[in-house]
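Here is a short report on one chain.

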Amino acid sequence: MRQSHKAREQQRGRRSEITRERSVTTRSRRKGHRRGRQSSITAFMWTTLAAYLSVVAFTDSAISSILGFGNGVGHDPDRAGQMRARNTRENYHAVNEAEQAFLRTGKRGLDSTTKKEKPRVHVKRIKGAKAKLPREQLERDPIAREELPPLSSILVNGKVVPNANTAMFLDYAIIGFAKTGTTSVHRHLASAHTYTLNGEHCELVVNDTAKLIRAIYDDHGMRVKNSKDGIVEKRKRGIKCPQDIQSSAHNYARYFPETKLLVGIRHPIDWFESLYNYRLSNVPWKEMLPTSNLTRGCGPGSQGVCAWRASFHDFLSTLGKTPMNSNEEKKLLTLGLEPVETKVGNVFLYDVAQLSEKRFRRDLQDFLGLSKDIPEFPAISTAGRFDHIDSYKQKSSRKKIDICDDQHEKIRRVLLQKAQRASIWIHGYFMKSPDVHISDRKFFVELLKSWQRDPCG
């Protein structure tokens with residue numbers, strides 16, 4: 001007779017219960033066997049230890065009797081006890097010193113009296129929290145001092161909070177001019193124990209100070225993430241933007257008034273040739289205008305190359321380091337640019353010809369307050385980004401100019417006039433400011449005097 005569905009389900013349930021009971025019984029038996037084995041092992045260990053101690057006691061008593069320290073003649077119980085106590089203390093201290101040395105160095109047998117290790121600082125790290133160090137280390141070690149305030153206290157809704165302390169974020173800035181060794185200075189300061197942000201950061205040119213501050217926080221966060229203990233050493237921080245000298249002085253005065261400014265210059269005629277050929281090498285698919293069309297402002301098709309940008313002294317005047325109260329000075333300035341109303345940081349002015357000088361590197365190090373020497377500046381590469389492509393390299397090479405050719409006489413004449421006025425203004429006014437620092441002034445003045453003549457002869 002076939003069983004009903006309900007009967008079959010009841011039978012399956014009874015079988016499952018029997019199976020579970022058997023599993024529980026089997027596990028209990030196994031657990032009991034394990035406990036029994038553990039108890040047997042423990043009892044055996046205690047028995048062995050007791051037997052060992054009995055043998056040691058008997059051996060010690062026998063040896064003491066043979067040597068005269070037992071109950072025989074000459075035995076002094078107090079003396080024997082003192083000797084055993086002394087040996088015990090010496091052995092304890094020897095073992096303790098070895099263990100302490102191992103804990104400090106990880107090597108057994110190291111004599112802690114001959115080699116002293118610096119005490120390790122154990123930093124308890126909590127996810128999302130900052131590392132905390134002992135107060136005495138905080139006071140003597142600058143590593144723990146590189147902490148930025150919460151970004152929310154500086155930026156709100158993508159804008160800088162009024163009266164926020166933004167001056168602390170930038171120690172120096174390479175602000176110009178293009179093709180005056182700014183990349184070499186930027187690269188070598190990065191290897192001289194500083195935090196130099198990668199690439200060019202020209203956010204101040206477009207009045208986007210908030211974006212620059214976010215970039216600084218991103219850079220700081222990356223360094224914290226890559227550090228060993230989440231602690232970033234305090235170093236000088238800087239950026240590079242060769243266009244800042246032309247349009248960002250007011251932003252430095254407002255947000256970074258204590259930032260030290262690095263400015264490079266060179267003879268305007270040499271500068272123009274270098275910048276023109278640089279554009280040809282790095283943007284070879286665009287046509288450059290003839291130099292005769294670039295004697296004024298940077299219009300369409302100029303690729304940012306024009307005589308207007310060679311007015312170095314006009315742009316330097318916006319830093320507000322000269323009196324600007326005499327007609328003689330104002331006549332030298334032709335662009336009509338207004339200086340900043342509030343003070344900006346000190347200026348380190350150099351000529352590109354000084355980069356190879358050892359004194360220049362030392363003076364720049366002192367100006368920035370760096371503890372590590374600035375590496376020697378290598379020869380500046382003029383290779384374009386696309387020189388590895390033969391077609392682009394050949395095309396740009398054919399179009400590169402020699403500024404001394406007759407067809408460039410018009411642009412040379414304009415540039416020479418600017419060079420002469422800049423030479424007089426920098427030497428007669430800008431260099432006299434106590435805020436302007438120059439390495440090897442005698443050599444620098446000789447370079448400025450050469451601006452009075454055309455380098456092409």
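Strand 6 spans residues 260-265 and is mostly covered. Of its 6 residues, 5 are buried, meaning under 20% relative accessible area with a 1.4 Å probe, protein chains only. Strands here are DSSP E runs of at least two residues, and helices are H or I runs of at least four, both numbered from the N terminus.

Strand 6 pairs with strand 3 (residues 172-176) in the parallel sense, over 4 bridges. Pairing requires at least two DSSP bridges between the strands. Val-263 in strand 6 stands opposite Gly-176. Strand 7 (residues 347-351) also runs parallel to strand 6, joined by 5 bridges. There, Asp-351 is the bridge partner of Ile-265.

## Pro-242

Pro-242 sits in the loop between strand 5 (236-240) and helix 6 (244-247). Pro-242 is buried, at a relative accessible area of 4%. Beyond neighbours within four places in sequence, its contacts include Ile-174, Gly-176, Phe-177 and Glu-200. Contact means heavy atoms within 4.5 Å. Glu-200 is 42 residues away in sequence, yet the C-alpha to C-alpha distance is 8.2 Å.

## Whole chain

The protein chain has 14 helices and 8 strands. Buried residues make up 36% of its 457 residues. Among contacts with a separation of 6 or more, 71% link residues 24 or more positions apart.

## Basis

The model is predicted: local features need pLDDT of at least 70, side-chain atom pairs count only at pLDDT 80 or more, and totals for chains, interfaces and linings use all residues. Residues are numbered from 1 along each chain as its sequence is written, and side-chain values use heavy atoms, leaving out hydrogens and water.

How values were computed:
Buried < 20%, exposed > 50% of the residue type's maximum accessible area, 1.4 Å probe, protein only.
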